[in-house]
Amino acid sequence: MSRVLVMANETIGGRPLIAKIQELKDADPDLSVVMCVPRTNPRHGNIIYDEATFQAAQVRVDLARGFLREMGIDAIGEVGDPDPYTAAMDAIREWRPDRVIVSTKPATVSGWLRRDLVERITEASGLPVDHVVVDVDAEGLPFKITLVVANRTASSPQLLNRLRQMHEEDSSRLFIIVVPQEGGHGQHFLAARGRLGQTLDVLRREGLLAAGMVGDPDPYTATMQAIQFFRVNDVIVSTLGAERSGWMRADLVERVKRASNVPVEHVVAPEEVPA
């Protein structure tokens with residue numbers, strides 16, 4: 001059985017990369033894949049939460065693994081060092097792959113290529129290194145991604161039923177759940193993580209491809225960071241009714257509509273769901 005290490009970030013779901021992995025799988029049915037995604041910092045927000053940047057990279061890993069497994073390809077993954085060369089060499093030492101795939105954007109916009117990443121990995125590792133270029137801006141991704149932003153209504157029947165309906169219409173759609181924490185203390189993170197876990201458990205049991213993260217305490221910042229990270233096709237914001245929702249009083253839905261340039265849907269739940 002051979003093993004391939006895939007280094008990718010924004011291009012992780014691109015068609016040329018998926019095609020290359022499938023090509024190797026066809027040549028070796030026992031192929032195993034290790035996905036490594038270096039974590040990056042968002043441009044939105046005054047404070048960078050280390051946990052949030054790690055989670056964002058983990059979401060990429062989780063979604064890629066789920067998508068590949070739907071294709072019958074065994075995949076595991078990890079979040080790497082922010083420096084892609086260090087991340088690659090760490091993963092090579094840990095997983096001992098037989099070859100490496102480095103997936104980047106085109107040379108005109110790729111920071112990895114400006115740092116000669118492919119050549120440096122080839123020279124340092126002695127392994128065969130395939131370079132796959134994915135022009136995500138021009139080609140898009142082979143699936144749609146829906147960003148779901150919710151907190152107290154994250155596992156409400158109204159939101160879950162809407163996501164089930166979308167899955168029935170398009171079973172390849174990926175769902176990214178972001179639960180903004182309600183403050184900057186540990187108990188706020190734990191409460192948000194509990195709500196996130198409840199929602200993911202339900203969706204995954206029902207066969208939806210879903211991953212998620214706890215977001216910035218400011219729901220607008222959490223939403224815009226996620227849009228930057230994940231190249232989403234649409235957004236669902238779930239809140240309580242206007243008389244009970246701080247997000248509604250802060251005009252969250254309209255602000256996201258104006259800033260995101262993607263369709264934004266608002267799902268209202270009458271009651272919150274305990275964490």
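Student: What should I keep in mind about the numbers?
Tutor: The model is predicted, so local features need pLDDT of at least 70 and side-chain atom pairs count only at pLDDT 80 or more, while totals for chains, interfaces and linings use all residues. Residues are numbered from 1 along each chain as its sequence is written, and side-chain values use heavy atoms, with hydrogens and water left out.

Student: Why is S110 called buried?
Tutor: Buried means under 20% relative accessible area, exposed means over 50%, and partly exposed is in between (1.4 Å probe, protein chains only). S110 has a relative accessible area of 4%, so S110 is buried.

Student: Why is D116 called partly exposed?
Tutor: Its relative accessibility is 42%, so D116 counts as partly exposed. D116 is in the loop between α4 and α5 (117–125), and its phi is near 55 degrees, a positive value in a residue other than glycine.

Student: How do you know where R231 falls on that scale?
Tutor: R231 has a relative accessible area of 29%, so R231 is partly exposed. The loop between α9 (219–230) and β9 holds R231, with phi near 55 degrees, again positive in a residue other than glycine.

Student: How do you know that β6 and β7 are paired?
Tutor: Two strands pair if DSSP finds at least two bridges between them. β6 and β7 have five bridges, in the parallel sense, and T146 has F175 as its bridge partner in β7. β7 also runs parallel to β8, joined by seven bridges, with L174 opposite L209 in β8.

Student: What makes β8 and β10 edge strands?
Tutor: The open sheet has five strands in the order β8-β7-β6-β9-β10, with parallel pairing. β8 (209–215) and β10 (264–268) each have a single partner strand, so one side of each is left without a neighbour in the sheet.

Student: Why is β7 described as largely enclosed?
Tutor: Seven of the seven residues of β7 (residues 174–180) are buried, so the rest of the structure largely encloses this strand. L174, I176, V178 and P180 point one way, while F175, I177 and V179 point the other way.

Student: What makes the unit of β6, helix α7 and β7 right-handed?
Tutor: A crossover is right-handed if, with the strands pointing away from the viewer, the path from the first strand over the helix to the second runs clockwise. The β-α-β unit of β6, helix α7 (residues 157–169) and β7 is right-handed, and so is the crossover from β7 through helix α8 (residues 186–205) to β8.

Note on methods: Helix = DSSP H or I, 4+ residues; strand = E, 2+ residues; numbered from the N terminus.
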